[in-house]
Amino acid sequence: MRRSPSYFRAKHREDAPSQSKPILVLEEVYKYFRRDVPTLRNVNLTVERGEFVFVTGPSGSGKSPLLQLVYRQHPVDGGRILFSGRDISRLTDASIPFLRRNLGIVFQDFKVVPHWTVYENIAVSLEILGTTAKLVRSRVADALERVGLAGRGNERTETLSGGEQQRVAIARAIVTEPALLLADEPTGNLDPQLAIDILTLFEEIHEAGTTVIFATHDHSLLQSSPHRLVVIDDGRLIEASQGLRAWSARMQHLGASHAS
């Protein structure tokens, strides 16, 4: 019986050779949800440690499925995904939770437990790892301060605004100090000013050393920050490394060329 890499077992710490590799590599990845039409086709992407990468594209283009493959919500149907040099597409089901302990994941709909306190929603990420109560208290307090909710751990989450609930979700994602933070349309339910505030928070987390992949279709966010940009179009991933303006200009030029 094939054993999973030790990196995806309990109490394993990443070794020096792993730290020298890109945090994430997708090689010729395919994903089908319909037999005849691939949702993702021949996707190649390398994310280096410490990068902030925007993933954009229209609704239904494949942004969420791309992230879901990284945290093994779904297996790939072709190609492979390497996380710190390990092929996560070959993980056993028993090893997937250990993969996710190295990831922080933030969703559009927050996924907080409304009747729990702010503290309980964040602490659960550590408690399932068997972290001591003293360390849980310390780490939760630090996470709350980082997301601008210091001193509010005893409030019930259902009493918070949407932007504050998303901050709770971000605190829960970063409290385990993940190697990679995945954000799947995290501002989709927020008004424009709150969306900018949440993006700024992700940028602060990134500046502290966390690698971030931020999926969004909100062009106002993409225009506000000069991070690396990749676009998913009809299931294919296209590099737009010079940012949204360069990508938009390229699309306009191609459109004019086709019209002539």
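**Exercise 1.** Which residue in strand 10 is the bridge partner of Asp-233?

*Solution.* The model is a predicted one, in which local features need pLDDT of at least 70, side-chain atom pairs count only at pLDDT 80 or more, and totals for chains, interfaces and linings use all residues. Residues are numbered from 1 along each chain as its sequence is written, and side-chain values use heavy atoms, with hydrogens and water left out. The bridge partner of Asp-233 is Arg-236 in strand 10. Strand 9 (residues 228-233) pairs with strand 10 in the antiparallel sense over four bridges; pairing requires that DSSP find at least two bridges between two strands. Strands are DSSP runs of E with at least two residues, and helices are runs of H or I with at least four, numbered from the N terminus.

**Exercise 2.** Determine the strand order of the open sheet and its edges.

*Solution.* Six strands follow the order 6-7-8-3-9-10, with mixed pairing. Strand 6 (103-107) and strand 10 (236-239) are the edge strands, each pairing on one side only. From one strand to the next, the twist averages 20°.

**Exercise 3.** Describe how helix 4 packs against helix 6.

*Solution.* The axes (lines fitted to C-alpha atoms over the stretch in contact, with angles from 0 to 180 degrees between N-to-C directions) of helix 4 (residues 118-127) and helix 6 (residues 162-174) come within 7 Å and cross at roughly 25°. The two helices are therefore roughly parallel, a term for angles under 35 degrees.

Key
Angles under 35 degrees count as roughly parallel, over 145 as roughly antiparallel, 65 to 115 as roughly perpendicular and the rest as oblique.
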